[in-house]
Amino acid sequence: MGHLSHSTAGAAILGIAVLVLVGVAATAPVGAVLVVEDIETGEHYLSEPVDSGSTVALEYTHSVEKSRVYDEYRVDGETLVNTRMEFESYGWGLPARVNVTNVNGTLVYEPAEPITELERLSVSPGRIAGHTLIVDGREHDLVAVTDGNDVTLYIEQRSFLEMIL
């Protein structure tokens with residue numbers, strides 16, 4: 001009496017092992033997302049799946065020059081690596097003392113080394129600038145999505161459980 005049979009004890013241990021494995025599998029990181037988060041409130045406006053090597057870009061109209069600017073980043077783990085800039089005129093905040101290539105009137109700055117590497121990218125989406133976020137070719141009107149609120153963009157690892165919820 002009071003003794004568990006070997007088969008009952010084995011089944012209990014197997015059951016516990018399965019629960020532990022399921023728990024670990026459900027919470028282990030399986031994918032990454034680009035998060036667009038309100039700087040003040042922490043509200044998540046957008047989460048887009050990305051992989052290492054994915055392209056994240058911001059396209060907008062320069063506030064002074066009134067010309068198109070395109071900033072391209074490559075996802076490298078949890079880092080956004082600025083690899084390319086395109087602009088149509090020189091103005092405040094644009095690289096003036098670097099080698100650029102003129103491609104049909106667009107100035108392209110694509111150096112061999114990264115322009116910058118960021119864990120977080122702060123953006124103030126503007127109605128006049130018309131910021132567009134482009135993630136692997138998928139376009140998002142950043143002004144409409146955020147209602148023009150200041151945001152930070154960053155890469156976050158998500159578990160299987162977080163991805164399906």
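Visitor: Before the overview, a residue. Who does E48 touch, leaving aside its neighbours within four places in sequence?
Guide: E48 is in contact with A32, V33, L34, V135, R138 and H140. Keep in mind that this is a predicted model.

Visitor: Which element is E48 found in?
Guide: Strand β2, which covers residues 44–50.

Visitor: Is E48 buried or exposed?
Guide: Buried. Its relative accessible area is 11%, and the cut-off for buried is under 20%.

Visitor: What does the E48 side chain have a polar contact with?
Guide: The side chain of H140, at 3.4 Å.

Visitor: OK, zoom out. How many helices and strands does the chain have?
Guide: There are 3 helices and 12 strands. The chain has 165 residues, and 39% of them are buried.

Visitor: And the surface?
Guide: The accessible surface comes to about 9,900 Å². Carbon and sulfur atoms account for 55% of that.

Visitor: What about contact range?
Guide: Take contacts between residues at least 6 apart in sequence: 56% of them join residues at least 24 apart.

Visitor: Now the packing. Which residues touch the most other members of the largest nonpolar core?
Guide: L34, V36, L80, L133 and L153. That core has 19 residues.

Visitor: Which elements give two or more residues to it?
Guide: β1 (29–38), β2, β3 (55–61), β4 (68–76), β9 (120–123), β10 (132–135) and β12 (151–159).

Visitor: Switching to β7. Which of its residues are buried on each side?
Guide: T106 and V108 on one side, L107 and Y109 on the other. Both faces of this strand, residues 106–109, are covered.

Visitor: How does β7 pair with β5?
Guide: In the antiparallel sense, over 3 bridges. F87 has L107 as its bridge partner in β7.

Visitor: And with β6?
Guide: β6 and β7 are also antiparallel, over 3 bridges. Here L107 is the bridge partner of N102. The hairpin has 2 residues between the strands, and N104 takes a positive phi near 55°.

Visitor: Last one: V103. Where is it found?
Guide: In strand β6, residues 101–103. V103 is partly exposed, with a relative accessible area of 41%.

Notes:
Residues numbered from 1 in each chain as written. Predicted model: local features only at pLDDT ≥ 70, side-chain atom pairs only at ≥ 80, totals over all residues. Heavy atoms only, no water. Helix = DSSP H or I, 4+ residues; strand = E, 2+ residues; numbered from the N terminus. Buried < 20%, exposed > 50% of the residue type's maximum accessible area, 1.4 Å probe, protein only. Polar contact = N/O pair within 3.5 Å; in protein donor to acceptor, adjacent residues only side chain to side chain. Contact = heavy atoms within 4.5 Å. Areas by Shrake-Rupley, 256 points an atom, 1.4 Å probe, with all protein chains shown as cover. Core = buried A, V, L, I, M, F, W, Y, C linked by side-chain atoms within 4.5 Å. Pairing = 2+ DSSP bridges.
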